[in-house]
Every structure is written in structure tokens, then in C-alpha cells.
Amino acid sequence: MMTSIDQVIEAARAAGRKRIAVAAAQEESALEAACDAYEAGLAEPILVGDGAAIKAVAAKAKLDVSSFRIVEEKDNAKAAALAVALVRSGEADMLMKGILDTSILLKAALNKESGLNAGRLTSHVGVIESPHYHKLLLVTDAAINIAPDLPAKLDLVANAVAVAQALGIERPKVAMLAAVEKVNAEKMPCTADAAIITQMNRRGQVKGCVVDGPLALDNAVSAESARIKKIDSEVAGDADILVAPDIEAGNVLYKCLLDLGGARGSGLVVGAARPIVLTSRADSAATKLASIALASLCAARELSACSG
């Protein structure tokens, strides 16, 4: 079981470079991330976009992209479709966002006829290494699903569990977060969703993990808090996965851990046929590299499953 971001990067390096198609790659931070991932032995970039602009941006930033394959397409929407097609055909193993809106990339990636749709909801999963927690912590969903209903939350759990298992966590502990640990279906519907998913897990309908909820954040990550509140739970105080009730809670939690909590992080979109890296220009170089490493590990697991 991996317990640090460095171990994630090392495991991805050991698995060998995975081919990553970068859609609309003519952007400095995306090219920098691609070059860093190549130099770290994590990825073999395929740059899809305006070839002249890609070379100009790389030259200005003093980045060497001469050994990378460049697929010419000036239109961003068409570049997204081309990058998706490379992944769909097997020429690339994972997808990465360049200088285009996330909605454009996801529209291409989730197209039912030509995309990477795998038949379930896609979601963002962040992997966090906090100096205040004893192991890696997965957080979902901070970026994609605004107000997930019960069926959507089941997909969020399944997606996060798949990422946890790629990190060597065979039976991850899932905390369904809320503001309180008691069910209040009328005023806090998310507490009822949490209780239902917990019961479904106990009856074997949610597999590969152990679920408990509703749990407030302190109960999920602090054994002392759980003890004081007399919460008897395998998950409380030792959660591997935190499932936020909505995107606002997930986004604030994820960014607070990184920007105020001194944590290291990585993130990707899962639920499609192959992992999708959605790096932001505001992300640090370390976060981008870790995100590509995480995607590479997940891609390796999926490719192994396909070949098996």
C-alpha cells in the first residue's frame, strides 16, 4: 500500500512510460508538465494542436519537445476529438487537457459514439498526502459533479475505490461526509444518502470497500474525535476515501488541504475508459507531475485488466 506521493511517482516510473495525448497542447504549463513527466520516466507525450504554436511556446519556455510526436490541428474542439481518438484507438493510454475549456475536452471524451464512455459517471478523485494524516487520503468529487444524487454517489464511490486499489489499498475505507453524523433526511438529504449507501455496502451491494456514514469530517479522520463521540466504526478515524456531499464541499475541502493545510496532491478524472488528467495553470509543477503519475498507475491497472 502506497503512503506517499513519492511512492505513487516511483510506482508509476516502475510501471514504465504510458503514452499521454495532450489536447490543444500549445500552452506553457501543459508542455512543462508533459516534459517533466517524460524526464521522470512517467509518460511519452503526444502533442495534439497547433504545431507552430506548440514549438513557439516550447522555445520561449526553453522546453525540448523535439522528440515528441506532434499531431496537427489548430481548432481546439477538433484537437480534443483527435486526442480522444488516439486514446480510443490504443495509440495513447491516457488523455490530458491543454489550453482548452474542460467542458470541450469532456464533451469529446464522453461522446457516446466516438469517446471513452465506459457506461458510468465520470468523477474527479484527488489523492492527498497531508502532514497531519497517517496515510494517503482520497477526496471526491471536487470538480465534475455538482449535486450528485444517490445513483451518482454510488458511481463516485466505485470510481474512488478503483483509484484506491490502484494505489494498493485493497479494501479502502469510505467515509460519506456530511455536517453531522446523524440522519436528518428532511433538512440534510445527504445524510440519508450516506446511510443508504452504508447499508447497501453491508448487504454486499457496494463491493470492494467498507463504507460508513454519515460522518462529519472530524469523525472520519480523527480516531480521538470518533472516540469522544462514541462512534463505533471501522471507518471513523481511519478513512481512505472522503466522499463529499456536493461539489462545493468537495472543492473547498480539496483546495483547503493543498493551499492551507500544507498537503501535497494529485488528481484525475476517472470513470471513462481511460484516465483523464485535468491540470490547471494554477497547479504547481509538483501537483501536475503527481497527477500524471497517478493517471499512469490507473492506466497501467486498466490495461492489465484488459489484457487479462
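Predicted model: local features only at pLDDT ≥ 70, side-chain atom pairs only at ≥ 80, totals over all residues.
Helix α7 supplies the largest share of the lining of the largest cavity, 3 residues. Helices here are DSSP runs of H or I with at least four residues, and strands are E runs of at least two, numbered from the N terminus. Residues are numbered from 1 along each chain, and side-chain values use heavy atoms, without hydrogens and water.

**Exercise 1.** Describe the largest cavity and its lining.

*Step 1.* The structure holds 1 cavity of 30 Å³ or more. A cavity is a set of points on a 1 Å grid over the protein atoms alone where a 1.4 Å probe fits but cannot get out, and lining residues have an atom within 4 Å of a point.

*Step 2.* The space in the largest cavity is about 40 Å³, a volume being the space filled by probe spheres set on the points, which are joined across faces, edges and corners.

*Step 3.* Its lining consists of Lys 153, Met 176, Leu 177, Cys 190, Asp 193, Ala 194, Val 243, Ala 244 and Pro 245. Two elements give two or more residues each: β7 (173-177) and α7 (189-202).

*Step 4.* Sorted by type, the lining has 7 nonpolar, no polar and 2 charged residues.

**Exercise 2.** Is Val 87 buried or exposed, and what does Val 87 touch?

*Step 1.* Find Val 87 in helix α4, residues 76-89.

*Step 2.* Val 87 counts as buried because its relative accessibility is 5%; buried means under 20% relative accessible area, with a 1.4 Å probe and protein chains only.

*Step 3.* List the contacts (heavy atoms within 4.5 Å). Leaving aside neighbours within four places in sequence, Val 87 is in contact with Ala 21, Ala 92, Asp 93, Met 94, Leu 95, Leu 116 and Arg 274.

*Step 4.* Arg 19 lies 68 residues from Val 87 along the chain, and 8.8 Å separates their C-alpha atoms.

**Exercise 3.** Which residues have the most contacts inside the largest nonpolar core?

*Step 1.* A nonpolar core is a set of buried Ala, Val, Leu, Ile, Met, Phe, Trp, Tyr and Cys residues joined through side-chain atoms within 4.5 Å.

*Step 2.* The largest core has 59 residues, and Leu 167, Val 174 and Ile 292 have the most contacts inside it. Helix α11 gives the most to this core, with 9 residues.

*Step 3.* A second, separate core has 24 residues, including Ala 23, Ala 79, Ala 83 and Val 87.

Definitions and conventions
Buried < 20%, exposed > 50% of the residue type's maximum accessible area, 1.4 Å probe, protein only. 1 Å grid on protein atoms, 1.4 Å probe; cavity = no way out; pocket = protein on both sides within 12 Å on 5 of 7 lines; lining within 4 Å. Nonpolar A, V, L, I, M, F, W, Y, C, P; charged D, E, K, R; others polar.
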